[in-house]
Amino acid sequence: MKTLFKNYADSFKGLSKEVWWLSLITLINRAGTMVIPFLSIYLTEDLHFSLPNVGWIMTCFGLGSVVGTWIGGKLTDKIGYYKIMVFSLLSTGFLFIGMQYLTTFKSLCIGVFVLTAIADMFRPAMFVALSAYSKPENKTRSVTLIRLAINLGFSAGPAFGGLIIATLGYSGLFWVDGVTCILATFLLIKVLNPKKAKIQDDIITKNPVSAYSDKPFLIFTFALILFGLIFFQYFSTMPIYYREIHKLSEPEVGFLLGANGFIIFLLEMPLIKWLENTKYTKVGLIFFGAILTGLSFFILIVSDWVGVIIIGMILMTIGEMIAFPFANAFALQRAKKGNQGEYMALYAMSFSIASIFAHNAGLQLAAGIGFDNTWIIMTALATLCMLLLFGLKVYMRRKNDAQ
């Protein structure tokens, strides 16, 4: 047991204090976005919108994410990551509080678009900050620590969110979301002032390459869009599936989603440290993560036993534990060729683009052809994602390009 604990603790060594602070800020922020996993349930059960209308609202969520991520990347290259992070966090806090007063279809479409546009300006700025505060050899583990914070927040967030809904209703949830974002802003201002923080890897690229002319990166981006199309079903269509087909209560949905984050909190860092020392390439590991995530949908077709949803959640969790840190590390590695903000914005936009279609398509398909047929389509998309990643691996090997 002592050896196990020592190996776990050793996986955190060597990371800068700024990365630890950035992780804590991310933890507070992620725990404070607990409304997101419950948004589809809130819209259907509290506001009584149909599934197709909820799908369009979630499309606005994705559109706002694309716009915000693109603007955030551009502004990060122009005025720096710090100002963008402060503006995004603080504004998002007040917008979350205001969201509870929007009840019509049109106002929610506009409100969700504006909220996610401003909230997702944070993402490329945070990635560039993470790169600046990490030594080159620590970037994958720094990314993993950020994901650890995200998933610890996501583990606690939905669990507490379900309890808050049961006691205070959705209004209380919006208030908690807003206040935690505002608190994260004050912490960021106090501990990550770039005049005082120590830069670990200051990357200056002469004649930077455009991310949009980097062929391997574009293939990688398209594969991530497909990955996002299936992954995001766990945050819109899947909670309704749990409710309607398996009759789980909101606290039970929250605890099941929270288990995902808790498993990642326990296992991801030592898993990534071990995988870094293997012969596998980043693209190869992302490919394996896509296989497991695709399987998490395939097994839902095989059986209607309630235990299958737990097995599916475990498969998806292991898949994302492997795929996301190495996808992020691959993007940071390629970003050294050009404008970091542009590269990291395109990386983040891959998931934003996916969210435009994922939530709406999943909900529309579930309403039109049923959940089982929806999971068949998701399995097919996962297969296409795997083929692209395999093709990218072969292409980069032939070009003798870093994977």
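This is a predicted model: local features need pLDDT of at least 70, side-chain atom pairs count only at pLDDT 80 or more; totals for chains, interfaces and linings use all residues.

Tutor: Residues are numbered from 1 along each chain as its sequence is written, and side-chain values use heavy atoms, with hydrogens and water left out.

Student: How many disulfides does the count come to?

Tutor: A disulfide is a covalent bond between the sulfur atoms of two cysteines. The rule applied here asks for a pair of cysteine sulfur atoms within 2.5 Å. The closest cysteine sulfur to that of C60 belongs to C109 and lies 3.8 Å away, which is too far for a bond. By this rule the count is zero.

Student: Is C181 buried or exposed?

Tutor: C181 is found in helix α8, residues 139-191; helices are DSSP runs of H or I with at least four residues, numbered from the N terminus. Buried means under 20% relative accessible area, exposed means over 50%, and partly exposed lies in between, with a 1.4 Å probe and protein chains only. C181 has 0% relative accessibility, so this cysteine counts as buried.

Student: What is the separation between the C-alpha atoms of C181 and L95?

Tutor: Along the chain, C181 and L95 are 86 residues apart.

Student: How many salt bridges does a search of the whole structure find?

Tutor: Side chains of opposite charge can pair when their charged atoms come close. A salt bridge is taken here as a side-chain nitrogen of Lys or Arg within 4 Å of a carboxyl oxygen of Asp or Glu. One of the pairs is R123 with D120, at 3.0 Å from N to O, and D120 is buried at a relative accessible area of 14%. For the whole structure, the search finds three.

Student: Which residue forms a salt bridge with E342?

Tutor: The closest N and O atoms of this pair are 3.9 Å apart. E342 lies in helix α14 (residues 340-369) and its partner in helix α4, so the pair ties together parts that are 268 residues apart in sequence.

Student: Where does D214, which meets R334 in a salt bridge, lie in the chain?

Tutor: The side chains of R334 and D214 meet at 2.8 Å, N to O. This pair links distant parts of the chain, 120 residues apart, with R334 in helix α13 (residues 307-335). Both R334 and D214 are buried. D214 itself lies in the loop between α8 and α9 (215-231).

Student: Which element gives the most to the lining of the largest pocket?

Tutor: The largest pocket has a volume of about 160 Å³, and its lining residues include L271, W274, F287, I322 and K393. Two elements give two or more residues to this lining, namely α11 (250-276) and α12 (282-302). On a 1 Å grid over the protein atoms alone, a pocket is an open set of points where a 1.4 Å probe fits, with protein on both sides within 12 Å along at least five of seven lines, and lining residues have an atom within 4 Å of a point. The element that gives the most, with four residues, is α12.

Student: Where does H48 lie?

Tutor: Most residues other than glycine have a negative phi. H48 is not a glycine, yet its phi is positive, at about 60 degrees. This residue is exposed, with a relative accessible area of 64%. H48 lies in the loop between α3 (39-46) and α4.

Student: What is the phi of K247?

Tutor: K247 lies in the loop between α10 (237-244) and α11. At 63% relative accessibility, K247 counts as exposed. Although K247 is not a glycine, its phi is positive, at about 60 degrees.

Terms used: Grid points are joined across faces, edges and corners, and a volume is the space filled by probe spheres set on the points.
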